[in-house]
Protein chains: 2
Amino acid sequence: MDDLKQYALTLATQARQASRRLGGIDGGQRNTWLARTAELLVENGSVLTEANERDLVVASENGLSGAAIDRLRLTSDRLAAMVTALQEIAALPDPVGEVIESNVRPNGLLVTRVRVPLGVVFFIFESRPNVTIDAAALCVKSGNAVILRGGKEAIHSNRALYEILVEAARECGLPSGAVQLVDTVDRAAVGEFLALGSLIDVTIPRGGKSLIERVAADATMPIIKHFDGICHVFVDRAADLEMARRIVVDSKCQRPGVCNAAETLLVDREVAETFLPEIAGSLEAEGVLLKGCPETCRLVPSAEEAREVDFRTEYLDLVISVRVVDDVAAAIDHIDEFGSGHTEAIVTADLETSRRFCRDVDSSAVMVNASTRFNDGGEFGLGAEIGISTDKFHARGPCGLRELTCYKYVVHGAGQLKSG
Amino acid sequence: MDDLKQYALTLATQARQASRRLGGIDGGQRNTWLARTAELLVENGSVLTEANERDLVVASENGLSGAAIDRLRLTSDRLAAMVTALQEIAALPDPVGEVIESNVRPNGLLVTRVRVPLGVVFFIFESRPNVTIDAAALCVKSGNAVILRGGKEAIHSNRALYEILVEAARECGLPSGAVQLVDTVDRAAVGEFLALGSLIDVTIPRGGKSLIERVAADATMPIIKHFDGICHVFVDRAADLEMARRIVVDSKCQRPGVCNAAETLLVDREVAETFLPEIAGSLEAEGVLLKGCPETCRLVPSAEEAREVDFRTEYLDLVISVRVVDDVAAAIDHIDEFGSGHTEAIVTADLETSRRFCRDVDSSAVMVNASTRFNDGGEFGLGAEIGISTDKFHARGPCGLRELTCYKYVVHGAGQLKSG
């Protein structure tokens, strides 16, 4: 335990020192590091797949689920996608040093707000090797030092990836503490890092809800987090019902296992009788199970009866909760009560109804006549993302480079005094 | 204790309900409330001064310091200043609903980032009646509901001010939970509010360091906080020494009891022999005690010897720590080691030196050739401020209306699907 405490302190101290040095390294040099990392990934493809193979063997022995093994697997396509991601991140504008706004005061002071890195990021994530590279790239591109804590199932893959990140840093003159890996599978290590609020500026946990709740409870620094994605689609009386059918199917079925997939369908009572049998047919054709309110079950006899807990459930699967509501106000009330603040969509042709939905729904993204699946850094034009925040503080929705920064005021004068 | 828990829950629930309703109330109506509050302050001047008189009597009985009693006192000048502040806040642009940026995606989706209130603010503050009004005004102007917890010494003044805020809300159709006062001096109440992270979106503590540390430790929601203001002025070898002299005197003496006053003077070794005797004379003429490093004491015999702890002390008084440093790099290292991330100033005529100082000093505000005293919402053009954040997350430096908001993504489509 003392060893872990010392280990965490050493890594965090090195990260803080590196973060100070990163401030003086310009964006071109950080981009060179990204490019060199991409080259080394290609050159070391076989080393990486061998390391990954070791993780996969252990994972099968430990009876990991097929979906988890699939996420863990490093295929040549995925390696190529990692290289592309690095190149895309390198091509994004440098956020560091951007003058966000400026303002000349009546006394002649030039007040500027300048974008700066947060400092040191502690990133906890699931066993997906591509996330290791994406996170390191986003953090260093935005001028931060990062401490990576990947899932234990990916430890061999992560060690091999880390060697590449560090080798590229060495070659490109980046400080050695810019990217570090927590090289132990001991779960207690996380707690030791969470205690270091004076050295680590932000913790970003990704993974299951219990992990995130534990991190939120124990962290002594700010965190950017993502709880449930209980996303809703509301089909208003003024909807184009064919558009509504396609948006609901896309929101639920295009990739049901992700956070921005729809989990609940709300249907305006005025169109329920027409729409519900139709959408039920389309969803059932895709293998989706409907869990409905009594009115839904009356109109769709194949639907199961929904319990209240179903409306609070993130299925991440081919299941959807369905409820008939009186109007847009009732839909908003339902979302306020049962939603998780992630993504909600309305399908309507009525301007005032859409305006009201956009104003009163308090979620990271509100979609009008579009699939919930678009709440994503790439789709919004942010470039790659390190996660989607369901918080309302600092960063909300997709978190890209900008969300890994803060700002400071830089003020230029010519001898101005407060006393005049 | 159970009563306090229930009390906190009731207020926070009312605030949350009000915050939902505030979203549908436009900026004109919120401005009307500000104007009506200003009118009622004038109309009820004598009621307010009577209530304040009761606080002042108790304060003298309890032996409050002269400075604390001065802050507590509600004079007619201060009442007039409160009215002016309300009018100025009303005149600021409405932050709610501002489209911060927008972006049309290749698939035709219009992605906008829209400014929204944080929701419910729990504001803990010292016994200064003008802060009660400023805070309520800033929170409601930015669309938030606020729960005010003022210092116990101001309880009668705050009750009288609260009556006015609520009467204006009633007249202007604002929800009754928009502004609430914690009407108990029981210190345990604060803990009950800090536990309500699911209802309160942010806590802003103002006051002594121990209070803020306690709030930071106990809060289950994000906080915007301000620790020490250990502000530095560095006089570089390339400084105009007469400008430097005036900036140091202004930074230290213009109002020594506030957070952006200078506490430490760093002098480049190359100019120490010329500058130190000169600045010592000017500071001592203002009654300032110098605590210096050995080199300072050699050049200024009247200076006391500084211990290391002095360089970590926020004097808030006519005392200044002085250290001779080798160059700008050593100044930056000193600030990194001893500073509190609040405000640092450099006096120099050298462009590269100023660029380096601005880049490498990690503080909420960095001043070039200007007094530290300018780190202030009013001076920066933000309008009134609710505090100055020394955090690097969400809000840094002066916190005005914008810092009391977050954003959401509002996306308009015409039936776009992820599956194409």
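View 1. Two strands pair if DSSP finds at least two bridges between them. Strands (E, at least two residues) and helices (H or I, at least four residues) are DSSP runs, numbered from the N terminus.

A note on reading these views: residues are numbered from 1 along each chain as its sequence is written, while chains are lettered from A and ligands numbered from 1 in the order in which they are written. Because the model is predicted, local features need pLDDT of at least 70 and side-chain atom pairs count only at pLDDT 80 or more, whereas totals for chains, interfaces and linings use all residues.

**View 2. Where the two chains touch.** The contact takes 52 residues from chain B and 52 residues from chain A; two residues are in contact if their C-beta atoms, placed from the backbone, lie within 7 Å. On the side of chain B that touches chain A, the elements giving two or more residues are α10 (241-253), α14 (351-360), β13 (365-370), α15 (377-380) and β16 (405-416) of chain B. Which element gives the largest share of this side? That is β16(B), with 11 residues.

**View 3. The axis between the copies.** Chain B is superposed on chain A by a rotation of 180° with 0.0 Å of shift along its axis (RMSD 0.0 Å). This is the relation of a two-fold axis. The superposition is by least squares on the C-alpha atoms of residues with pLDDT of at least 70 in both copies. In chain B, the C-alpha nearest the axis belongs to B:H394, 1.9 Å from it. The same surface serves both copies, as 100% of the contact residues of chain B recur in chain A.

View 4. A residue is buried if 20 or more other C-beta atoms lie within 10 Å of its own, exposed if 12 or fewer, and partly exposed in between, with C-beta atoms placed from the backbone. In a regular strand the side chains alternate between the two faces of the sheet. In β4(A), A:A145, A:I147 and A:R149 are buried on one side, and A:V146 and A:L148 are buried on the other. Strand β3 (residues 120-124) of chain A runs parallel to β4(A), joined by 5 bridges, and A:F122 has A:I147 as its bridge partner in β4(A). The chain crosses from β3(A) through helix α6 (residues 129-141) of chain A to β4(A) in a right-handed β-α-β crossover. Right-handed means that, with the strands pointing away from the viewer, the path from the first strand over the helix to the second runs clockwise. β4(A) also pairs in the parallel sense with β5 (residues 179-181) of chain A, over 3 bridges. In β5(A), the bridge partner of A:I147 is A:Q180.

**View 5. Helix α2 of chain B.** The 17 residues of α2 (residues 27-43) of chain B should span 24 Å at 1.5 Å a residue, and the end C-alpha atoms are 24 Å apart, which agrees. The expected span is 1.5 Å times one less than the number of residues. Among the buried residues of α2(B) are B:W33, B:L34 and B:L41. The buried residues of this helix pack against α5 (76-91), α6 (129-141) and α7 (155-172) of chain B.

View 6. A:N369 has a positive phi of about 55° although it is not a glycine. A:N369 sits in strand β13 (residues 365-370) of chain A and counts as buried, with 22 C-beta neighbours inside 10 Å. A:H394, also not a glycine, has a positive phi near 70°. Where is A:H394 placed? A:H394 is in the loop between β14 (387-389) and β15 (397-399) of chain A, and is buried, with 21 other C-beta atoms within 10 Å.
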